Amino acid sequence: MLIKATYVPINVSAGATNDMVWANMEVCNPYTRDTGINDNVGIGSPVVKVNLIVRDTGKPNVALAKRLKEAFTRIYLQPTEFEGVMEIVKKGGVEQMTFTVFDAAIPEPKAQLKAS
């Protein structure tokens, strides 16, 4: 099921070698959570790597990664809305939730005011 989720972009990576193509980004939640138990300290948001995928082909979305790169000064460390699919997958016998990104709501650049 297609959903919209807000994350804070930390970095974007995409490229190709002779035998592989990739497009992903690392994000964190836009809110912090206190996870300290028994007087232990644990606050913040874990960093998660999400894949940028072309919805129709299932292949890495290098074009989206380039759009995110061009807008990175506007979205870096800013809550940004992404559209994708949330799934529960098994990794090493453990169920984990993953989010695959198909698109992003990238804000338009702000108009520059001219000095008079």
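Biologist: Which residues of helix α1 (residues 62-70) are buried?

Modeller: This is a predicted model, in which local features need pLDDT of at least 70, side-chain atom pairs count only at pLDDT 80 or more, and totals for chains, interfaces and linings use all residues. Residues are numbered from 1 along each chain as its sequence is written, and side-chain values use heavy atoms, with hydrogens and water left out. Helices are DSSP runs of H or I with at least four residues, strands are runs of E with at least two, and both are numbered from the N terminus. Buried means under 20% relative accessible area, exposed over 50%, and partly exposed in between, with a 1.4 Å probe and protein chains only; in α1 the buried residues are L64, A65 and L68.

Biologist: Which exposed residues does the face turned away from the buried side carry?

Modeller: This face belongs to α1 and points away from its buried side. Its exposed residues are A63, K66, K69 and E70.

Biologist: What do the buried residues of α1 pack against?

Modeller: A contact means heavy atoms within 4.5 Å. The partners include the helix α2 (72-75). The others are β1 (2-16), β2 (21-28), β6 (80-91) and β7 (94-105).

Biologist: In what order do the elements run from the N terminus on?

Modeller: The protein has two helices and seven strands. Their order is β-β-β-β-β-α-α-β-β.
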